[in-house]
Amino acid sequence: MFKKILLSLITGVSVTTLAIAGCTAQQQDSAAEVQPPILTAQTEAPTTTQPQERPGDVPYVPTPQPVVDAMLQVAKVGKNDVLYDLGSGDGRIVVTAAQKYGTRGVGIDINPERIQEANANAQKAGVTDRVKFRQQDLFQTDLSEATVITLYLLPEVNQKLRPELLKLKPGTRIVSHAFDMGDWKPQQTLQVDGKTIYYWVVPKEVPANLR
């Protein structure tokens, strides 16, 4: 009788031990299933900017809004235009064109902080479906899609950029705040709040002195 009782106790302990061990294994397996992956950085969304590749060509100075409005007016931008703003800063020219005229726009700036600021401004204005901003070197940007180009650079930067602008489709409109294009004489010059705006149209035949 004693042996039967002892055998029952031993068998019960063994079954209980196995059950506990089985539960522990199942709990470990379940915990392993819900644990997040170790390499979480690989699952993060990529950032929209990257480290600035070189110093900018010009200091950042925002174009006053009345000048922005006049630049868009003189270029007669519309909903069928594609506007490229070179050195787009906080994006105000591209955003204003989209808001007022339904223009599609692309802002180009080498500074990642300006790109982030411009994207935030476009979102606030509700025009992210019409505009985009690219962190790029303006001298390495494909401008062939543009029908309008706006600038607020420096004389030497305008001169360096001029040969590429003259290669664009005839009829492409160019508007510059403050600085001209040297020997490429503007078709129109206007003053707004003491600021000068220059306006050109890319010709069918580039004059010999500009080639």
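Which residue in β2 is the bridge partner of Leu-83? In this predicted model, the bridge partner of Leu-83 is Gly-105. The two strands concerned, β1 (residues 82-86) and β2 (residues 104-109), pair in the parallel sense over five bridges.

This pairing belongs to an open sheet of seven strands, arranged in the order β3-β2-β1-β4-β5-β7-β6, with mixed pairing. The edges are formed by β3 (131-135) and β6, each of which pairs on one side only. From one strand to the next, the twist averages 20°. An antiparallel pairing is found between β6 (residues 188-192) and β7 (residues 195-201), again described by five bridges. Within this pairing, Leu-190 has Ile-197 in β7 as its bridge partner. β6 and β7 form a hairpin with two residues between them, and Asp-193 in the turn has a positive phi of about 50°.

Helices pack on the sheet. Helix α3 (residues 92-101) touches β1, β2, β3 and β4 (148-151), and its direction makes about 160° with that of β1. Helix α5 (residues 155-165) lies across β1, β4 and β5 (173-177) and runs at about 175° to β4. In α5, the buried residues are Val-157, Asn-158, Leu-161, Arg-162 and Leu-165. Viewed down the axis of α5, these buried residues fall within an arc of 150°, and therefore line one face of the helix. Their cover includes β1, β4 and β5. Glu-156 and Lys-160, on the other side of α5, are exposed.

The model contains six salt bridges. One of them joins Asp-81 to Arg-173, with the closest N and O atoms 2.8 Å apart. Because Asp-81 lies in the loop between α2 (65-74) and β1, and Arg-173 in strand β5, the pair ties together parts that are 92 residues apart in sequence. Asp-81 and Arg-173 are both buried.

A further salt bridge links Glu-117 with Arg-114, the closest N and O atoms being 2.9 Å apart. Both residues lie in helix α4 (residues 112-125), where they are three residues apart, about one turn of the helix. Residues three or four places apart in an α-helix point the same way, because there are 3.6 residues a turn. Glu-117 counts as partly exposed because its relative accessibility is 29%, whereas Arg-114, at 16%, counts as buried. Lys-167 forms a salt bridge with Glu-164, and here the closest N and O atoms are 3.3 Å apart. In this pair, Lys-167 is exposed, with a relative accessible area of 62%, while Glu-164 is partly exposed at 40%.

Definitions and conventions. Residues numbered from 1 in each chain as written. Predicted model: local features only at pLDDT ≥ 70, side-chain atom pairs only at ≥ 80, totals over all residues. Heavy atoms only, no water. Pairing = 2+ DSSP bridges. Helix = DSSP H or I, 4+ residues; strand = E, 2+ residues; numbered from the N terminus. Axes fitted to C-alpha atoms, helices over the stretch in contact; angles between N-to-C directions. Contact = heavy atoms within 4.5 Å. Buried < 20%, exposed > 50% of the residue type's maximum accessible area, 1.4 Å probe, protein only. Arc of directions from axis to C-beta. Salt bridge = Lys/Arg side-chain N within 4 Å of Asp/Glu carboxyl O.
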